[in-house]
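Work through the exercises below with the structure in view. Try each task before you read its solution.

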Amino acid sequence: MNININKQQYTFEKEVKLMDALKLFEVYQPYAILLNDEFIPQSEHEFTWLKDNDKVDVVGAIQGG
Amino acid sequence: MQKSEQNTPSVFNTETNQDKLSIYGTKLDSRLFVGSAMYPSPQIMKEAIKISGSQVVTLSISRQNPHEQGGHGFWSIIQSLGVHLLPNTAGCHSVKDAVNMAKMSRELFQTDWIKLELVGDDYNLQPDPIDLVKATEILLKDGFKVLPYCTDDLVIARHLVELGCEVLMPWGSPIGTGKGLMNPYALQAIRDRFPETTLIVDSGIGLPSHAIQAMEIGYDAILLNTAIAKANQPVLMANAFRKSIEAGREAYLSGPMAEQQSAQPSTPTIDSPFWHYSE
């Protein structure tokens, strides 16, 4: 199963939950998640199963005006 | 500047001499909001924000890059400032994107304040007024305290106020141009028509004199970034803006004189020994 996290491809041998997939990616606090362009609240990360070719965006704080 | 019919703002208590800015009920002493982008270095950003006296700093979100530790250095500095955070939805071109970005920002920054930006034109970054109203309605219903970045259109302002916005942020001129107030008449009209709404000029301010002009016509605060960050000496400019905004506010509260068409002598002429020369 292939999952795209912040434009990088990750391969998993079996189905994984969002929270487990994030462990492969070096996530820094604070962060928030988009799954296939939809916001997923933190409270749902451990219950959300990923599907093949899902796209995950991990976002953090940056400068802004 | 023509004297306005605007009354002394409701947040000004003449007995205690207290003049607070209200953002959805949160009272602030500083009337300057500053952005956190484009500074020559993080340290200069920190010093500029500190000397500006600002209690509200804008920031944004983007994909984390592990090579930059997910922006952790920037986040540490922002946290150390102890200010209110105002996340933006910069770069969003659709209602869906703006709503998603607002929700992520709320969770990430633990604030329900959102500077709602919806780009309608890539050339001048003009807000899309139709989608702005749609997104505002969705976010207000979801419990957000929306600070919409809008144009100086009176009717759009009315729609936003009728939806429940307690704060509006009309542009002075397009983002990053430093051209000042393009349309003081339109900004004045919004001020006069919505005396109970907190009004903040957002974008286009290039000089302290621009900020003073907005404050003198009764705007409640100024939001800027580029004018400080791109000055040769950002810290010095941040201090200049702090003073100009305080001066503009005091000028507004003091009730400026009415403009006259003809000269009015300021020195009494009665009993002047030269009075008969003009006869």
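This is a predicted model: local features need pLDDT of at least 70, side-chain atom pairs count only at pLDDT 80 or more; totals for chains, interfaces and linings use all residues.

**Exercise 1.** Find which residues touch the most other members of the largest nonpolar core.

Solution. Start with the core itself, which has 80 residues. Within this set, the residues that touch the most other members are B:Ile23, B:Phe33, B:Ile78, B:Leu147, B:Ile200 and B:Ile222. Next, ask which element supplies the largest share: this is helix 3 (residues 95–109) of chain B, with eight residues. Finally, look for a core apart from this one; another has 16 residues, including A:Ala21, A:Leu35, A:Leu50 and A:Val58.

**Exercise 2.** List residues that B:Ile222 touches, leaving out those up to four places away in sequence.

**Exercise 3.** Describe the lining of the largest pocket by class.

Solution. The volume of this pocket is about 470 Å³. Its lining has 30 residues, and A:Gly65, B:Met38, B:Ile175, B:Gly176 and B:Thr226 are the closest to the centre. Sorted by class, the lining has 13 nonpolar, 13 polar and four charged residues.

**Exercise 4.** Which element gives the most to the lining of the second largest pocket?

Solution. The second largest pocket holds about 340 Å³ of space. Of its 14 lining residues, A:Leu34, A:Asp57, A:Val59, B:Met101 and B:Met104 are the closest to the centre. Helix 3 of chain B gives the most, with four residues. By class, the lining has seven nonpolar, three polar and four charged residues.

Methods: Residues are numbered from 1 along each chain as its sequence is written. Chains are lettered from A and ligands numbered from 1 in the order in which they are written. Side-chain values use heavy atoms; hydrogens and water are left out. A nonpolar core is a set of buried Ala, Val, Leu, Ile, Met, Phe, Trp, Tyr and Cys residues joined through side-chain atoms within 4.5 Å. Buried means under 20% relative accessible area, exposed over 50%, partly exposed in between (1.4 Å probe, protein chains only). Helices (H or I, at least four residues) and strands (E, at least two) are DSSP runs, numbered from the N terminus. Contact means heavy atoms within 4.5 Å. On a 1 Å grid over the protein atoms alone, a cavity is a set of points where a 1.4 Å probe fits but cannot get out, and a pocket is an open set with protein on both sides within 12 Å along at least five of seven lines; lining residues have an atom within 4 Å of a point. Grid points are joined across faces, edges and corners, and a volume is the space filled by probe spheres set on the points. Ala, Val, Leu, Ile, Met, Phe, Trp, Tyr, Cys and Pro count as nonpolar, Asp, Glu, Lys and Arg as charged, and the others, Gly among them, as polar.
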